[in-house]
Amino acid sequence: MAAPPGMAASSGIAGMGGHGMSGMGGMAAASTAPGSVLVLAPGTLATVLPMVDKEFVHAHPAASVSPSFGHSPAQVIQVKQGSPGDVLLTVGAESMAEAKKDGLLAGDSTVFGRNRLEIIVPAGNRKGVHTLADLAKPGLTVVLPDESTPAGVYADRALAKAGVTVKPASKELGSPDVAQKVATGNADAGIAFVTDVKAGGSKVTGIDIPDADQVPAEYRAAVLKNAKHAAAAGMFVSFLSSPTAQQQFRQFGFLAP
């Protein structure tokens with residue numbers, strides 16, 4: 001189960017036999033690097049990351065993974081203030097660039113996935129929302145991610161590219177929160193990442209935003225300079241680009257790096 005934002009959840013699996021993973025060269029050497037890898041990750045990975053963690057532990061039985069979910073900008077600030085962490089995962093290049101500028105990284109970051117925006121509406125789309133311009137219609141209850149979050153930054157940019165001004169009923173703490181509010185019938189429409197729309201299942205419908213108005217988001221990973229388990233952290237970052245991990249990301253709607 002995924003931990004709620006800001007909470008850590010251990011994905012260690014003691015005594016579980018490993019099985020072969022395609023693209024995982026040097027697996028024997030990897031299994032000799034024990035340690036619980038503390039992974040700081042954005043909330044948009046809360047559904048898929050536990051599955052990736054489990055596959056990593058299958059391949060590296062001596063390691064375990066403890067993900068802690070939150071907002072990328074806030075997590076960078078927390079690390080700068082001394083909070084522990086082995087791996088930093090961010091949505092959007094901006095937060096990772098900030099971490100690099102502050103000297104928090106042990107090396108370069110890598111892109112392991114991408115996401116894109118969709119309009120999200122309740123199943124059935126009774127209000128007839130089909131375009132970004134429709135979000136400006138009078139009487140429509142629209143929710144957007146707050147601009148302090150990557151999803152909010154990208155949603156604002158998409159609306160600006162489309163020349164649309166929206167007065168949202170509320171600003172939510174991130175894309176998953178927007179999806180939740182629409183899924184529970186507390187909003188008529190919103191803008192969220194495709195992966196969060198997909199996680200909403202049959203309760204919601206996603207409406208494509210044209211490429212011309214898109215602001216694609218990239219997901220980056222890096223080992224933190226003060227990592228307590230640097231070797232295992234490095235292997236985890238590499239594993240994110242493996243065919244096994246990428247298959248999990250695809251199943252949850254993430255796009256290739």
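# A guided tour of the predicted model

Residues 24 or more positions apart account for 81% of the contacts in the protein with a separation of 6 or more, a contact being heavy atoms within 4.5 Å. This is a predicted model, in which local features need pLDDT of at least 70 and side-chain atom pairs count only at pLDDT 80 or more, while totals for chains, interfaces and linings use all residues. Residues are numbered from 1 along each chain as its sequence is written, and side-chain values use heavy atoms, with hydrogens and water left out.

**Whole chain.** Show everything as a cartoon. The protein has 9 helices and 10 strands; these are DSSP runs numbered from the N terminus, helices (H or I) of at least four residues and strands (E) of at least two. Of the 257 residues, 50% are buried, where buried means under 20% relative accessible area, exposed over 50% and partly exposed in between, with a 1.4 Å probe and protein chains only.

**First sheet.** Select strand E1 (residues 35-42), E2 (63-70), E3 (87-91), E10 (217-223) and E4 (110-115). These 5 strands form an open sheet in the order E2-E1-E3-E10-E4, with mixed pairing; two strands pair if DSSP finds at least two bridges between them. Strands E2 and E4 are the edges, each pairing on one side only. From one strand to the next the twist averages 20°. Zoom in on E1 and E2, which are parallel and share 8 bridges. Val-37 has Val-65 in E2 as its bridge partner.

**Helix H3.** Select residues 72-80; Ser-72, Gln-75, Val-76 and Val-79 are buried here. Seen down the axis of H3, its buried residues fall within an arc of 100°, so they line one face of the helix; the arc is that of the directions from the helix axis to the C-beta atoms. Their cover includes E1, E2, E3, H4 and helix H5 (150-162). After H3 comes Gly-82, with a positive phi near 110°.

**Aromatic rings.** Show the side chains of Phe-56 and Phe-239, both buried. Their ring centres are 5.5 Å apart and their planes at 65°, so the pair is edge-to-face. Rings of Phe, Tyr and Trp (its six-membered ring) pair if their centres lie within 6.5 Å; planes under 30 degrees apart count as stacked, over 60 as edge-to-face and the rest as tilted. Phe-56 is in helix H2 (residues 49-59) and Phe-239 in H8, 183 residues apart. Next select Phe-112, Tyr-219, Phe-249 and Phe-254, a cluster linked by ring pairs.

**Gln-248.** Leaving aside neighbours within four places in sequence, Gln-248 contacts Val-48, Met-51, Val-52 and Glu-55.

Strand E5 (residues 117-122) and E9 run antiparallel, joined by 5 bridges. Ile-120 stands opposite Gly-206 in E9.

Note on methods. Axes fitted to C-alpha atoms, helices over the stretch in contact; angles between N-to-C directions.
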